[in-house]
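Let's take a walk through this model together, going from the sheet to the helices, the ligand and a few backbone details. Keep the structure open beside the text as you read.

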Amino acid sequence: MNLVVLTGAGISAESGVPTFRASDGLWEGHRIEEVATPEGFAANPALVQDFYNKRRRQLAEVQPNLAHHALAELAARWEGDFLLVTQNVDDLHDRAHALVPPAPGFQLIHMHGELLKAHCTVTGRVIDCPGDLDPRHDSPFSPDGWLRPHIVWFGEMPLAMHVIDAAISQADLFVSIGTSGAVYPAAGFVQDARRAGARTVEINLEPTQGAGLFDDGLYGPATETVPAFVDSLLQSASKG
Ligand code: OAD
């Protein structure tokens with residue numbers, strides 16, 4: 001059975017990483033256009049680099065939670081293809097999967113980029129970035145380039161879409177965890193999965209606006225719902 005799981009900020013919320021859509025419409029006190037668009041970066045690189053430097057430093061203070069670990073366990077034991085697509089730029093999935101080696105059919109994609117990477121503004125080449133970036137950080141790849149956060153900003157193309165589209169077209173089960181379904185193209189994956197004939201499941205604190213598009217819903221904190229869902233999935237898979 002082929003599985004595609006999409007995760008969003010809700011899966012990391014109980015680790016202490018804030019979600020995006022707070023009621024004040026601001027992201028950690030900033031307008032989205034200031035800190036999450038190419039125009040915002042061009043207008044004020046110091047503000048934008050500083051914003052992501054702070055987010056990057058915060059990663060040292062958070063740990064994967066039971067929901068990340070449950071998906072890592074699933075990845076270790078799942079016998080079909082399993083694509084885990086996260087919209088999150090934290091490294092909590094990566095750290096959970098590092099503890100239990102995934103089965104060969106597993107792949108993790110960060111479709112909105114990764115805080116712990118940077119890329120060159122001229123060549124697009126990606127480099128590990130564990131520390132702070134300066135406002136105009138020299139790129140090792142081009143004398144005319146700078147390093148910027150490896151984050152997909154609004155107006156930019158999410159990463160590895162061809163891999164994601166191919167996996168969804170083959171999916172038997174599509175599970176959406178902790179995402180509001182407010183940002184496309186991820187918000188459209190459930191419809192693509194339905195067209196492919198997959199069963200669709202939403203796992204969230206509460207039903208989202210798109211809840212009606214899912215065959216089933218499981219509601220409550222991710223640290224409770226995701227381990228329970230993984231247990232039942234592995235049990236039904238072992239009964240085959
Ligand atoms: P949102 O902040 O829009 O939504 C978070 C979702 O998580 C909501 O539906 C909450 O109900 C749910 N949630 C919160 N706490 C939870 C918990 N403990 N257990 C389960 N669910 C919980 O975040 P995303 O949908 O991830 O893009 O946002 C999508 C994209 O918008 C982000 O990747 C980011 C942002 O702009 C970029 O940075 C490009």
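Four strands make up an open sheet, ordered S5-S4-S7-S6, with antiparallel pairing. Strand S5 (126–128) and strand S6 (137–138) are at the edges with a single partner strand each, so one side of each has no neighbour in the sheet. Strands here are DSSP runs of E with at least two residues, helices are runs of H or I with at least four, and both are numbered from the N terminus; two strands pair if DSSP finds at least two bridges between them. S6 and strand S7 (residues 146–151) are joined in the antiparallel sense by two bridges, and Asp138 stands opposite Trp146 in S7. Helix H4 (residues 45–58) packs on the sheet, where it touches strand S4 (113–120) and S7. The direction of H4 makes about 55° with that of S7. Contact here means heavy atoms within 4.5 Å, and the angle, on a scale from 0 to 180 degrees, is taken between N-to-C directions of lines fitted to C-alpha atoms, for helices over the stretch in contact.

A word on the ground rules: this is a predicted model, in which local features need pLDDT of at least 70 and side-chain atom pairs count only at pLDDT 80 or more, while totals for chains, interfaces and linings use all residues. Residues are numbered from 1 along each chain as its sequence is written, and side-chain values use heavy atoms, leaving out hydrogens and water.

Next, look at helix H5 (residues 66–77). Its end C-alpha atoms are 16 Å apart, in agreement with the 16 Å that its 12 residues should span at 1.5 Å a residue (1.5 Å times one less than the number of residues). At the start of H5, a side-chain oxygen of Asn65 comes within 2.7 Å of the backbone nitrogen of Ala67.

Now for the ligand. Which of the 21 residues around the ligand come nearest? They are Arg21, His112, Thr179, Ser180 and Asn204, where "around" means a heavy atom within 4 Å. An N or O atom in the side chain of Asn204 is 2.6 Å from a ligand oxygen, and one in the side chain of Glu14 is 2.9 Å from a ligand nitrogen.

Finally, two loops deserve a look. Pro185 sits in the loop between strand S8 (173–177) and helix H8 (189–195), and the peptide bond from Tyr184 to Pro185 is cis, with omega near 10°. Ala160, in the loop between S7 and helix H7 (161–169), has a positive phi of about 55° although it is not a glycine.

Definitions and conventions: A polar contact is a pair of N or O atoms within 3.5 Å; within protein, one must be able to donate a hydrogen and the other to accept it, and residues adjacent in sequence count only if both atoms are side-chain atoms.
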